[in-house]
Amino acid sequence: MNKSLFFICFSLFLLLSIKVNAQTPKKIIVEHSDFADVNQTEMPDAFLLTGNVVVNHDGVVLTCNKAYFFQKENYIKAFGNVQLVQGDTLYLNSKYAEYNGNVKKAFATGDAVMSSPNATLATDTINFDRNTQEVFYNTKGTITNNENTLVSKSGKYYVAQKKFQFLTEVIITNPKYVIKSNHLDYYSNSGHSYLFGPSTITSKNNYIYTEKGFYDTKKNLSHFLRKSYIKYDDRRIEGDSLYYDRNKEFASATRNVKITDSINRGIVKGHYAEVFQKKDSMYVTKRAVAINFVENDSVYIHGKKLMVTGKEGDRIIRAFNNVRFYKTDMSGKCDSIHSSTKTSLTKLIGNPILWNGESQITGDVMHLIGNSKTQKLDSLKVLNNTFIISKDTLGTGYNQIKGLNLFGKFQDGKLHDVDVIKNAEVIYYMRNDDNELIGINKNVCSKISILFDKNAIETITFFQQVDGDIYPEEELNEYDRKFRGFKWRADERIKSKDDIFPEEENQYNEKMIEETKKEEAKPNVPMEIRKETKDYDKKKIK
């Protein structure tokens, strides 16, 4: 045989030898025992070790008071003060234990306690598979980790990942809250919890429900997905994605956000919101709308941004940038709104316009005033350049009332009567009971009183220094039939709750709804492990 062939054969032999040796289980080594004996009657084919027993197997050290060592089977049974130690990562204590060196599996029972650098597990029976580095138990277990106590019927511990996994009833008790779930992954080093399936977090300040979420039990920061909501005593926050900081009592919500106020009977919606519970305030944007239930009706207020600040009884609502609002018999527009529950005053700021039934009302300043006792709309105030316009129902003309200021009263949520004072002028198409046009009334006076019936002008009364006449239609030219500053804005009128939103925001809303449908159509799987969880120990070392 030539030398080359010899070395090839020899090399193959060495490789096969290494592979065979690698697959051959290492033997359990007895390092110490005060006494050793063989008792075929008590335990056939076993060495009886007693007193300060120490055995070693492939990096694991087992100590106990007494042991039966089955050398052929590479197996040991340990009794009394049993402790199995794997480096500095795991300590397993019990009254009784078994260890199989061939399969590298341990079984411990009787007040079994597993300790790792970050947590302690106490239960009746613990199994440890060194091959997969997994600890599992099927008896009620209690895990202690810093301020957190976890109780479950069964669970697993992944040594390398420092992760506990629970697939049946688990409860985490913290001085500030209690977490309950049927599927929870808990990382003992970082305190990060991953919840899946119906789960709750209950505290003195709020109640959280989620079906997929993350909770940092050390920093009290969390992120929730899938049918999640946060419920306070008087408020409920929900959205496709929720972020929560318990230290600051701050929550933010993204996509399909809904905030319900049970005390004030109000709902705020949008696609992004921030809620500061300590300050009792919120900020909502991206197709934001506030819905308030007043007198068996709903008032819808939209602005690019909505802000609510202050506690009950002293709350301020602000809406700004292209504000629009709607209720069944009234709607309007302005640049911004400022509403105070303390003063029951709502200010329409910047180019306000109000549609009451078929009447269009404009002015420089517009205030809606409520009754703080009855919580009903009480009166309307329009200051400077008051202008009321309504179309003549049977003709092409327009009824108009113009003056300096307007003061109106509401009855059952509807504008019942108004007084226009100072420099009051009117152009009114007068008709008889058969709706035939009698003439066009054009007058100037100090004050005009108008009575509404079913949101339409019923009667007009003139006071002091009345000057004017009733003109036949053919005698009053088109130019004289409209006051200076006349502008009919019927094309801007908000006729439904859907009209309060600009087209671009409706398109954005449809996009968000479509994204939600796509997400809900996907199989619900546990949340992906965050980078901060994976790199926790690396960051700690740095």
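How many residues lie between strand 6 and strand 7 in their hairpin, and which residue in the turn has a positive phi? There are 4 residues between the two strands, and Lys104 has the positive phi, about 60 degrees.

Before I go on: this is a predicted model, where local features need pLDDT of at least 70 and side-chain atom pairs count only at pLDDT 80 or more, while totals for chains, interfaces and linings use all residues. Residues are numbered from 1 along each chain as its sequence is written, and side-chain values use heavy atoms, with hydrogens and water left out.

Strands here are DSSP runs of E, at least two residues, numbered from the N terminus, and two of them pair if DSSP finds at least two bridges between them. Strand 7 covers residues 105–115 and runs antiparallel to strand 6, with 8 bridges. In that pairing, Tyr96 sits opposite Thr109 of strand 7.

On to strand 5, residues 75–86, which is antiparallel to strand 6, residues 90–100, through 10 bridges. Leu84 has Leu92 of strand 6 as its bridge partner. This hairpin has 3 residues between its strands, and Gly87 in the turn has a positive phi of about 50 degrees.

Last, Arg287, in strand 23, residues 281–294. Arg287 is buried, meaning under 20% relative accessible area with a 1.4 Å probe, protein chains only. Arg287 has no salt bridge, and the nearest side chain of opposite charge, Asp498, is 5.1 Å away; a salt bridge needs a side-chain nitrogen of Lys or Arg within 4 Å of a carboxyl oxygen of Asp or Glu. Lys and Arg count as positive, Asp and Glu as negative, and His and the chain ends are not counted.

Technical notes:
Buried < 20%, exposed > 50% of the residue type's maximum accessible area, 1.4 Å probe, protein only.
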